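Subject: Handover of a structure

Dear colleague,

Please find below the structure that I am passing on to you. I would ask you to look through it before reading the notes that come after it.

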Amino acid sequence: MYIDRALEPVLKSALFKNKVIILYGPRQAGKTTLVKRIVEAYGHDVLFIDCEIIRNNELLSRRDAQELFSLVAGYRIVVFDEAQTVRGIGQVPKTLFDHRPDVQYIATGSSSFDLDNEVSEPLTGRSREYVLYPLGITELYKNALETEAGLLDYMRFGGYPGIVHEREDDKQRDLQALVSQYLYKNVLSLDGVRKPSTVTSLLKLLAFQIGNEVSYRELSQQTGASIATVQKYIDLLEKNFVILRIGSYARNQRNEVTRAKKIYFLDLGLRNALIDVFAPMQTTARSDVGALFENCMIVERMKHVAHNGDIGLHQYFWRTVAQHEMDYVEEYREATHAFEFKWNPKNEQDVSPHFKKAYTDIPTVGISPRSAFDFVSR
């Protein structure tokens, strides 16, 4: 069952605007399905190239201009799917674009690290970039009531399109398979990863620390890797759409923490599969429900903005050296707002007085499951 993606009309409106379209996103997020949907109206005028097929990969790797021109002749749209698998792929759409700018070229890839290096630089000034994440709550639910009812399930199993309509047992099985295939097979095979076991240990440590400030020194001690290695692996995990880092908010306040980071998982189903914890949220076993809700809201807000083709969202948390905190501070469209996330709606109005005193010009709001949809979609 296909679920409409918010990015679909954005991509359709970007066609034939004299730009190469680059679509990033994790594996299994629905990139290929989405691209096929936006080009289906063009029928036989579309050339779809799966770059993971060996013969296609070899042809594109040669980057022979005459072969490329012959390949795309007669087509209006050319799609390079999983383009990051072709070394030096950026020169291919550049050569084609310079020769036939009337053709719409689209490149998809599951690693922003590879595509940034291989595609963006050769296509400077010639491309528009978008990101497709797993399904967000504003794509799955129509209103605040549906969202409140669905959050318990969503925070357990996440939003990968292939699992959202499955039975509970199948969801767990498929998420475990995704961890094995996507994380352990793809991420751990990256050139920068020399100790896969360290990445595995690091991921599990991070899975237990969502909502808390991350200490690279502590992670280094716990994994036995150097601080530099921990930072490098975290950077790779972020660029491969596994985690999201946000920094601390400080505006000329001497008593504020300024260099700390928090790390969240881009999909909670993937996070729960990593540590094999799928217990229902109603049970006392889920002491992490508050952290999961915070993770969910921050990532869902980011996904909603990205899926609407927008940019300019800056996300932070706030803390003082005296441990006064605000969960989330957002700068977006020239406005700043602050939020605290409360799993219990009764505590929704319990917002940090210390932040209010420090920043009288910034509106502060408490968010609970009943206001989650409005917060994400605002």
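Predicted model: local features only at pLDDT ≥ 70, side-chain atom pairs only at ≥ 80, totals over all residues.

Residues are numbered from 1 along each chain as its sequence is written, and side-chain values use heavy atoms, with hydrogens and water left out.

The sheet is open and has five strands in the order β2-β3-β4-β1-β5, with parallel pairing. Helices (H or I, at least four residues) and strands (E, at least two) are DSSP runs, numbered from the N terminus, and two strands pair if DSSP finds at least two bridges between them. At the edges are β2 and β5 (127–131), each of which pairs on one side only. On average, neighbouring strands of this sheet are turned by 15 degrees against each other, direction ignored. The parallel strands β1 and β5 are joined by five bridges. Leu23 stands opposite Tyr130 in β5.

Helix α2 (residues 31–39) has the buried residues Lys31, Leu34, Val35, Ile38 and Val39; buried means under 20% relative accessible area, exposed over 50% and partly exposed in between (1.4 Å probe, protein chains only). Seen down the axis of α2, these buried residues fall within an arc of 120 degrees, so they line one face of the helix. The arc is that of the directions from the helix axis to the C-beta atoms. Their cover includes α1 (7–14), β1 (20–24), β2 (46–50), β3 (77–81) and β4 (104–109).

Helices α3 (residues 54–62) and α4 (residues 65–72) pack at an angle of about 130 degrees, with their axes 8 Å apart. Axes are lines fitted to C-alpha atoms, for helices over the stretch in contact, and angles run from 0 to 180 degrees between N-to-C directions. The two helices, α3 and α4, are therefore oblique to each other; angles under 35 degrees count as roughly parallel, over 145 as roughly antiparallel, 65 to 115 as roughly perpendicular and the rest as oblique. Leu59, Leu60 and Arg62 in α3 meet Glu67, Leu68 and Leu71 in α4, where contact means heavy atoms within 4.5 Å.

Finally, Arg128 lies in strand β5 and is partly exposed, with a relative accessible area of 35%.

With kind regards
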